[in-house]
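Take a look at the protein below.

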Amino acid sequence: MSSNGAIFPIGNLLTMATMKEGAKPAEPYKAPAVQKGPLDIINTIIGVTPKVILAAVFWEHFTAPLSSGAATELDWDWMGPIFMRDMVSTLLFCGFWDWLLYSDMSPFKKRMQPFKMNPNQPPTGQQAHDIFFTVLATLCASAVEIFALNFLANKYSKGVDYYSLSLITSDYLSIGLLLSLTYWRLTHFYIVHRAMHPWRPKSSFIPDVGAFLYRHVHSHHHKSVNPTAFSGTAMHPVEGVIYYTAMLIPIFAGAH
């Protein structure tokens, strides 16, 4: 993560628009294995700040079912718009980047071709696979969001205090949690991702749950051998639910 993340996607689009025809990629950037000093941490915070601002701007929209009390009941009047919002956003965002990089009608397809790690066009079958499983994962994200809103709404309706659900009760620590968003998000990702790869336990009495999860769940994600904009979250629904539980962490850290 670097400060470049602070201007995504504007910086990416400007780079593409001003790039000279025939440009070729330089030596691939190799991120350090560990952050070595305060500047690395500052860069990480700068990179995540726009996401925090974006969340603050849309806070009232995202929490409307909670503040109105509608979320105490599972009703399509408030759940439907969440599913629709997430689905439309996913299709528009990923569809835009797929069009920009792969469509014959895009002015950037030829210009960006040398920068692809895999020079071949993604096959139609894989594109269909990625879109299908990304849509399923998005539905899972919506379901986790709805669960969180319903859970909190019912707690609040019973007079449960805001901070009684939190392990962190300091506003300053909550702000610190938001600024360090990348760190706890990546920790969550590493744990759930590693759990879905073979564990290879030394004892035969311990079942290799990771191998089972990889074979039946996580392997769907690894079928995206030629990545597209839809590949990042092209996951089995089980993995989708687990992956998006990251959004529940702030509930127990006073940041909700």
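## Two helices packed together

In this predicted model, helix 4 and helix 6 pack with their axes 9 Å apart. The angle between them is about 145°. Their crossing is right-handed.

Helix 4 contributes residues including Trp78, Met79, Ile82, Phe83 and Arg85. Helix 6 brings, among them, Thr134, Val135, Leu139, Glu145 and Ile146. By class, the contact has 11 nonpolar, 5 polar and 3 charged residues.

Helix 3 spans residues 59-67. Which of its residues are buried? They are Thr63, Pro65 and Leu66. These residues lie on the same side of helix 3, because they cover an arc of only 130° around the axis.

What covers the buried residues? The cover includes helix 4 (76-102) and helix 6 (124-157). The face turned away from the buried side carries the exposed residues Glu60 and Ser67. Just after helix 3 comes Gly69, with a positive phi of about 85°.

## Cysteines and disulfides

How many disulfides does the whole structure hold? The search finds 0.

Cys94 has a relative accessible area of 10%, so Cys94 is buried. Cys140 also counts as buried, because its relative accessibility is 9%. The cut-off for buried is under 20%.

Methods:
Residues are numbered from 1 along each chain as its sequence is written. This is a predicted model: local features need pLDDT of at least 70, side-chain atom pairs count only at pLDDT 80 or more; totals for chains, interfaces and linings use all residues. Side-chain values use heavy atoms; hydrogens and water are left out. Buried means under 20% relative accessible area, exposed over 50%, partly exposed in between (1.4 Å probe, protein chains only). Helices (H or I, at least four residues) and strands (E, at least two) are DSSP runs, numbered from the N terminus. The arc is that of the directions from the helix axis to the C-beta atoms. Contact means heavy atoms within 4.5 Å. A disulfide is a pair of cysteine sulfur atoms within 2.5 Å. Axes are lines fitted to C-alpha atoms, for helices over the stretch in contact, and angles run from 0 to 180 degrees between N-to-C directions. A crossing is left-handed if the near helix is turned anticlockwise from the far one by less than a right angle, and right-handed if clockwise. Ala, Val, Leu, Ile, Met, Phe, Trp, Tyr, Cys and Pro count as nonpolar, Asp, Glu, Lys and Arg as charged, and the others, Gly among them, as polar.
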